[in-house]
Amino acid sequence: MAGEKGASNGDIGPAYSSGGEAPHEPGLGASRLRSCLRANLLVLLTVAGVIAGVAVGLGVRQLPGVLSPNEILYFSFPGELLLRLLKMIILPLVVCSLVAGAASLDPSALGRLGGWAMLFFLVTTLVASSIGVALAFIVKPGEGASPPTLLGQDNGVPQSKDVADSFLDLIRNIFPSNLVSAAFRSYATSYERVPMKKNITDEQGVIIENVTMIKLIRGGEVEGMNILGLVVFAIVFGIALRKLGAEGEILVKFFNSFNEATMVLVTWIMWYAPLGIMFLVAGKIVEMEDVVALFTSLGKYIICCFVGHAIHGLIVLPVIYFLFARKNPYRFLWGIFTALATAFGTSSSSATLPLMIKCVEENNGVSKHISRFILPIGATVNMDGAALFQCVAAVFIAQLNNMPLNFIQVITILVTATASSVGAAGIPAGGILTLAIILEAVGLPTNDISLILAVDWLVDRTCTVLNVEGDAFGAGILQAYTERMAGRVEAEELMEIKTDAADRGREAHAEEGSPLIKKGLPPTLVRVNSCEKESVM
């Protein structure tokens, strides 16, 4: 009877024994384990891909004989395929998500969200730059460092560029002259030294030909997507579609449908990511020449960058998220682990963008309006990891050349690193291009960038992880902000409804109880003398 009664009450399974203890169900724990593994299968596969990539790369290095560059290229082909798939999806994802997001948001809400996002990105980048400078002065990575002669990276040093020309290039790229070419080319200033002849007549009347070399500015298009210009155009175009009203709804629906179809493609690509990441990591490990010599000469610099990235990514950003969102930041990090592992494998913020949008929406509950509007902007302008690494590199090069930095130069490094990170390309080694701007601003030799290039393949991976982590935390904070504002508005509306209902009830009660109290007039008390009333009667 007990068992039947339990079943009638909706309980599943046999009734409890007289001792009051529930019987042990061996299948319950197994089903929970299976559901947990199924929910986190992609994350676990990605972690396994990174670990397997390290193991495979170290195993291949132990084989007799050295792989030729062509053989390494063939070995890394599955990883190259992942990079190509992710880069293929960047353009439609960024343009469609930003157009649809800007068109769906009210202009005031759009400006408010964009303003808070830019403030968050600016503050976190400045904090990251400060951490980099402080660690570099504490650890002193430039003391005792020696240039590694084994890699020969001198040919990869970018051309030095004036600070003014760098920021003018940034403004030029915001307004691309051709949207089609902006999908694969961007503007960059270059210099050309040409001789200039000038005839000078001395005191004896002899004409002397004086030849001087002058530097001429030769700007032009270079390879690389102008994602900053595309982002600005997409936002402005989305605002224009909203201004059209009903006439622009068809185009807004088109971009929304295009965006959803793109996210389906991203879902398919995500399941290939663990295999691609494994071969990307393994290929880079096989490509290394002499790890011992590299860490011996630049070990303090590498450790300084890693410690700075760990402090900012595991302490500073989670604390900021907890203070604003009042949620567990490390659970949020677990939800985006697949995107972080992809960032480590690809070294590209832009290539990680599709997976990051998918992770924050499905695992961390960020709404589509926020994620697909904020994350593309963050992938373009938020470079916490790059700013930190650039500050460490600038102080490292100054220490290497025994050039003490004064307070003004340190402030210049902080401001320039924060500002130049906006224009840093979200591609592998993109921060190296903007490092030259910082070195020029404080008068440090740009030729020493070759030392940074020797270990950039390793440091750039943690830079990218920190960059995309900052983007995701920014989206999470804005989600908490919008939920809080929506709850406040609902509470105010509910309070107004309750107040109006109470007022109406009070007025109705007054009308029924005393005809002397009129609606809209202050109540007046009429006192009648009882004696006078009786005498009248």
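**Figure 1. Phenylalanine 233 in helix α9 of the predicted model.** Phenylalanine 233 is found in helix α9, in a structure that is a predicted model. With a relative accessibility of 35%, phenylalanine 233 counts as partly exposed. In sequence, phenylalanine 233 and leucine 98 are 135 residues apart, yet their C-alpha atoms are 9.2 Å apart in space. Phe233 also belongs to an aromatic cluster formed together with Phe237, Phe254, Phe255 and Phe258.

**Figure 2. An aromatic pair between helices α9 and α10.** A search of the whole structure finds 12 aromatic pairs. In the pair of phenylalanine 237 and phenylalanine 255, the ring centres are 6.2 Å apart and the planes stand at 75°, so the arrangement is edge-to-face. Because phenylalanine 237 lies in helix α9 (residues 227-244) and phenylalanine 255 in helix α10, the pair ties together parts that are 18 residues apart in sequence. The two partners may be set side by side: phenylalanine 237 is partly exposed, with a relative accessible area of 29%, whereas phenylalanine 255 is buried, at 11%.

**Figure 3. Helix α10 and its buried face.** Helix α10 comprises 22 residues, 249-270. The buried residues of α10 are Val252, Phe255, Asn259, Thr262, Met263, Val266, Ile269 and Met270. Seen down the axis of α10, these buried residues fall within an arc of 110°, so they line one face of the helix. Ile250, Lys253 and Trp268, on the other side of α10, are exposed.

Figure 4. Is α11 largely enclosed by the rest of the structure, or largely open? Since 12 of its 15 residues are buried, α11 is largely enclosed. Among the buried residues of α11 are Pro274, Gly276, Met278, Phe279, Leu280, Gly283 and Val286. The helices against which the buried residues of α11 pack are α3 (41-61), α4 (69-75), α5 (77-104), α10, α14 and α15 (349-362).

Figure 5. In soluble globular proteins, nonpolar side chains tend to be buried together. The largest nonpolar core of this model has 116 residues, and those with the most contacts inside it are Leu98, Tyr301, Ile336, Met356, Ile413 and Ile452. Helix α20 (residues 449-513) gives the most to this core, with 18 residues. Apart from this core lies another, of seven residues, including Val60, Phe75, Phe279 and Val286. In the protein as a whole, buried residues make up 43% of the 537 residues.

**Figure 6. Isoleucine 336 and its contacts.** Isoleucine 336 lies in the loop between α13 (329-335) and α14 (337-346). Its relative accessibility is 0%, so isoleucine 336 counts as buried. Which residues does isoleucine 336 contact, leaving aside its neighbours within four places in sequence? Isoleucine 336 is in contact with Met356, Cys359, Val360, Asn364 and Ala472. Alanine 472 is 136 residues apart from isoleucine 336 along the chain, while their C-alpha atoms are separated by 8.0 Å. Across the protein, 81% of the contacts between residues at least 6 apart in sequence join residues at least 24 apart.

**Figure 7. Two loop residues with positive phi.** Most residues other than glycine have a negative phi. Lysine 140, although not a glycine, has a positive phi of about 55°. The position of lysine 140 is in the loop between α6 (107-139) and α7 (163-174), and at 33% relative accessibility lysine 140 counts as partly exposed. Arginine 326 is likewise not a glycine, and its phi is positive, near 55°. Arginine 326 is placed in the loop between α12 (291-325) and α13. With a relative accessible area of 57%, arginine 326 is exposed. Arginine 326 also lies over the face of phenylalanine 322, at 5.6 Å from the ring centre.

Terms used: Residues are numbered from 1 along each chain as its sequence is written. This is a predicted model: local features need pLDDT of at least 70, side-chain atom pairs count only at pLDDT 80 or more; totals for chains, interfaces and linings use all residues. Side-chain values use heavy atoms; hydrogens and water are left out. Helices (H or I, at least four residues) and strands (E, at least two) are DSSP runs, numbered from the N terminus. The expected span of a helix is 1.5 Å times one less than its number of residues. Buried means under 20% relative accessible area, exposed over 50%, partly exposed in between (1.4 Å probe, protein chains only). The arc is that of the directions from the helix axis to the C-beta atoms. Contact means heavy atoms within 4.5 Å. Rings of Phe, Tyr and Trp (its six-membered ring) pair if their centres lie within 6.5 Å; planes under 30 degrees apart count as stacked, over 60 as edge-to-face and the rest as tilted. A charge sits over a ring if NZ of Lys or CZ of Arg is within 6 Å of the ring centre and within 35 degrees of the ring normal. A nonpolar core is a set of buried Ala, Val, Leu, Ile, Met, Phe, Trp, Tyr and Cys residues joined through side-chain atoms within 4.5 Å.
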